[in-house]
Amino acid sequence: MAANIHCSIINRKRNFLSHCVINMAASVRTFVRSLSRKNACFTAVLRRSECRGFTGAAEDRSTHFGFETVSEAEKASKVYKVFENVAQKYDVMNDAMSLGIHRLWKDALLHVMHPQPGARLLDVAGGTGDIAFRFLDYIRSQQEKQQRRAMSLGQTPSWRDISDGYPAGGGAPESAVVVCDINKEMLKVGRQRADSRGVTTGLSWVVGDAEELPFNDDQFDLYSIAFGIRNVTRIDQALKEALRVLKPGGRFLCLEFSKVTNPVLERLYDAYSFQVIPVLGEVIAGDWKSYQYLVESIRKFPDQEEFKGLMEDAGFFCVQYFNLTGGVVALHSGFKL
């Protein structure tokens, strides 16, 4: 009887120890899996936060140049060469390729932007000044409207209203636009156009990279980039830089080729893009390859919803887009809160 009791006690102890070992093993497996997941997340964060300053990493990472796979460093060099080659014929080719419709797209950008007197705009990749000149013209028209409205109402501003319209340092509040482009040849064309228009104030030209803007934080009310962001090597980094330099409440506006929504129009558009545009490039600018790249780069750019997601990931709010010409072009908008 005593032997049976002793055996029973031993068996219960064995069962208890076995149960403890099993539970402990399960806990260890759970902990290891949790640690692995945390390590994977940490690795992913490190990868996302890689600094652009490590040139060796840029040389190792691959990206696309049109339909060609190249290193990030190589793409930057190739894109620079493309726009260096096409700078002098850039505006003429825009008219030829789009049949002049690009002017309406850029006008739409300004109407959606709706800048008011005193606003500061940073126009990135805007070397030839198309957006900058429109911005200054729009501001001038807004000022004229305000003056006409005041005159029609027979209002004479008081001395307090006049003084409130001037900053503390003296002088009238002026709108200003900074054109920032990485390509010196494009900026050269823009300056020539400004001189021919007699534009001498409210406009400055800066050589700079969209991925590493040479400006302090919270500097601009508005940021625009028209048909330029698809040529940037790291779009996510360019978006983060746009957010950084905008003031709280500032607005980001991007005009870019996108995904055509109509299947019939899409087939016609593809045929025109690949069979006509490179030929126009050869005839007008003497450069087939550069315009072949431009056509291919459009197909590699994220569609409307993808780009919207990239903007939201970068930290923009109230993100939306408007399709123009059936989605041939999309106008993207977002705010910094």
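Author: Two strands count as paired if DSSP finds at least two bridges between them. Strands (E, at least two residues) and helices (H or I, at least four) are DSSP runs, numbered from the N terminus. This is a predicted model: local features need pLDDT of at least 70, side-chain atom pairs count only at pLDDT 80 or more, and totals for chains, interfaces and linings use all residues. Residues are numbered from 1 along each chain as its sequence is written, and side-chain values use heavy atoms, with hydrogens and water left out.

Start with strands S4 (residues 176–181) and S5 (residues 203–207). They pair in the parallel sense over five bridges. Valine 179 faces tryptophan 205 in S5. Between the two strands the chain passes through helix H8 (residues 184–197), and this β-α-β crossover is right-handed. That term means that, with the strands pointing away from the viewer, the path from the first strand over the helix to the second runs clockwise.

Now the whole sheet. It is open, has seven strands and mixed pairing, and runs in the order S5-S4-S3-S6-S7-S9-S8. S5 and strand S8 (317–324) are the edge strands, each pairing on one side only. From one strand to the next the twist averages 15°. Axes here are lines fitted to C-alpha atoms, for helices over the stretch in contact; angles run from 0 to 180 degrees between N-to-C directions.

Further along the order, strand S6 (residues 220–226) pairs with strand S7 (residues 246–257) in the parallel sense, over six bridges. Alanine 226 has leucine 255 in S7 as its bridge partner. Helix H5 (residues 101–113) packs on the sheet and touches strand S3 (120–124), S6, S7, S8 and strand S9 (329–335). Its direction makes about 160° with that of S7. Helix H9 (residues 235–245) also packs on the sheet, touching S3, S6 and S7, at about 145° to the direction of S7. Contact here means heavy atoms within 4.5 Å.

Back to H8 for its charges. Arginine 193 forms a salt bridge with aspartate 91 (3.4 Å, N to O). The two sit 102 residues apart, arginine 193 in H8 and aspartate 91 in helix H4 (residues 90–98). A salt bridge needs a side-chain nitrogen of Lys or Arg within 4 Å of a carboxyl oxygen of Asp or Glu. By that rule there are 14. Arginine 193 also bridges to aspartate 130, with the closest N and O atoms 2.8 Å apart. That pair spans 63 residues, from aspartate 130 in helix H6 (residues 130–152) to arginine 193 in H8. Arginine 193 is buried at 19% relative accessible area, and aspartate 130 is buried at 9%. Buried means under 20%, exposed over 50%, partly exposed in between (1.4 Å probe, protein chains only).

Last, the rings. The whole structure holds eight aromatic pairs. Tryptophan 105 and phenylalanine 227 make a tilted one, 6.1 Å centre to centre with 50° between the planes. Tryptophan 105 lies in H5 and phenylalanine 227 in the loop between S6 and H9, so the pair ties together parts 122 residues apart in sequence. Rings of Phe, Tyr and Trp (its six-membered ring) pair if their centres lie within 6.5 Å; planes under 30 degrees apart are stacked, over 60 edge-to-face, the rest tilted. Tryptophan 105 is buried at 7%, and phenylalanine 227 is buried at 9%. With Phe257, Trp105 and Phe227 form one aromatic cluster.
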